[in-house]
Amino acid sequence: MMKTNAQLMAATIMALGMAAVSTSLMAADDESKPEMEKCGGIVKAGMNDCAGNGHACAGQAKADSDPSEWVKLPKGTCEKLTGGAVIKAEDMKMK
């Protein structure tokens, strides 16, 4: 009986330890994803991400460098690109 209790306790401690490790790994994975922002004015025709400039789908940009067409980039990247402008949510109303 004592041996069974010791085995059960060891298995429980091991399971709790594995749960704690997997939880911290999942949290670390979430933290490693960069915050994204919408960047307009840099898109090639047909290469936009979704919704903008009178349409509702990705890949429908009609012209290169249209300021209303956008792609998602890691935050801070857009401002470094020539012609790039961060598009805020209030600017995303369909025309």
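A disulfide is taken here as a pair of cysteine sulfur atoms within 2.5 Å. The structure, a predicted model, holds one disulfide. This disulfide joins C39 to C78, with an S to S distance of 2.0 Å, and is right-handed, with 70° about the S-S bond. C39 lies in strand β1 and C78 in the loop between β2 and β3, 39 residues apart, so the pair links distant parts of the chain (strands are DSSP runs of E, at least two residues, numbered from the N terminus). C39 is buried at a relative accessible area of 0%, and C78 is likewise buried at 0%; buried means under 20% relative accessible area, exposed over 50%, and partly exposed in between, with a 1.4 Å probe and protein chains only.

C50 is partly exposed at 38%, and C57 is partly exposed at 39%.

Residues are numbered from 1 along each chain as its sequence is written. Local features need pLDDT of at least 70, side-chain atom pairs count only at pLDDT 80 or more, and totals for chains, interfaces and linings use all residues, while side-chain values use heavy atoms, with hydrogens and water left out.

Strand β1 also belongs to an open sheet of three strands, ordered β2-β1-β3 with antiparallel pairing; two strands pair if DSSP finds at least two bridges between them. β2 (70-74) and β3 (85-87) are the edge strands, each with a single partner, so one side of each has no neighbour in the sheet. Five bridges join β1 (residues 36-40) to β2, where L73 is the bridge partner of E37.

Note on methods:
Helix = DSSP H or I, 4+ residues; strand = E, 2+ residues; numbered from the N terminus.
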